[in-house]
Amino acid sequence: MWIELRGPETCQYRLEDPWKQPTGRLAQYLEPITLDPQAYGVHDDARLVGPDLVGVDRDKRIIEETLHLKELPVAQRRRLVLRSLLPRAERIDAPVCSLVDIRRWSGAYFHWFLDALPRLIAAEDHSSRSGERTLVIVPTSLLSWQEESLALLGVATDRQLPHRAPGRGGLQVRRLIAGVAHRWQRGGRAPFDAISPWAIRRLAGRFSQAVPLQQGASAPSRLFLSRRGAPNRNIANEEAVMQLLEPHGFVAVRAERLSLSEQITLFGGATHIVAPHGGALTNLMHARGGHLLELFQAQHGVRPEYFQLADINGLDYRFLLCPNVPGSNDIRVDIDRLMEWLAMTL
């Protein structure tokens, strides 16, 4: 059974680029794009086979929503189906939704919030329609922010099934709720990285209910997201950057040192954000307007993820290509350009 939650979405984004830089992949989003409907499948008596828990339905067909790979070799698909024919290793007599997949990206902050957690929308919708309690397969060792995110979304620990490889015949479940990551375009009518505004707003709304904005009344509203200590894209001239920003009320923040609730509060009250491209900008899903300057490493290229999140939540978005420091993956910010941005936004 296939259940559609939201029909096709048409998106068109705007880009302010006062410095006339190459837009790279952002150019794909400056014309109208149509996103696939947001939907999920309910598969009775499905098997989850292999270490990555690929779904096979009772008609011995791969459940594509558990793959997230359009080009899985035919021979590998055949082996997965054959495994589903073996005696099952275990049965779970309940509906199950999996937050892990064959790419194993769920340990990254961005992919957890943008690819894994939106599948809970499907799990919750099924529970609401059927009255059944849906169990959730989660990574074996949850990081602190993953644990907190599940708690804030109401996924109690007794609903969580730690990911583990099943026996050769796989894990049989009464029903598999196969909610595809909303960025995966089945019809191919939009870029792979296209983000569903509907899914983001729905997920962010759940977090805002759990972490009311008024809790952050004393939090700084002008942020510089530091990557000090990260393996790449550190700001080599961060001291000069902060000498310019601090007199205007900017505060340097290490997002990885904050709890998830603190990050939600911080971004929910932010009016100005300067940040190198990185996972901390995933928190733009909690923003409520304002201004963003995203700093790209020139050799890394211009990427569209946070451009979309910013526009979805009403932020005025600009970006700056920053040259690499020779012999490293660090970058250097053009202070004159930063001054121009301040003059445009303050």
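The overall dimensions of the protein chain and the arrangement of one of its sheets are described below.

The model is predicted. The protein chain contains 9 helices and 14 strands. Along the principal axes, its C-alpha atoms occupy a box of roughly 65 × 40 × 40 Å. Among contacts with a separation of 6 or more, 76% are between residues 24 or more positions apart.

An open sheet is formed by 5 strands in the order 11-10-12-13-14, with parallel pairing. Strand 11 (251-253) and strand 14 (315-322) are the edge strands, each pairing on one side only. From one strand to the next, the twist averages 20°. Strands of a sheet pair through backbone hydrogen bonds, in either a parallel or an antiparallel manner.

Within this sheet, strand 10 (residues 222-225) and strand 12 (residues 272-276) run parallel and are joined by 3 bridges. L223 has I273 of strand 12 as its bridge partner. At the other end of the strand order given above, helix 8 (residues 305-312) lies across strand 13 (290-297) and strand 14. The direction of helix 8 is at about 160° to strand 14.

Conventions: Residues are numbered from 1 along each chain as its sequence is written. This is a predicted model: local features need pLDDT of at least 70, side-chain atom pairs count only at pLDDT 80 or more; totals for chains, interfaces and linings use all residues. Side-chain values use heavy atoms; hydrogens and water are left out. Two strands pair if DSSP finds at least two bridges between them. Helices (H or I, at least four residues) and strands (E, at least two) are DSSP runs, numbered from the N terminus. Axes are lines fitted to C-alpha atoms, for helices over the stretch in contact, and angles run from 0 to 180 degrees between N-to-C directions. Contact means heavy atoms within 4.5 Å.
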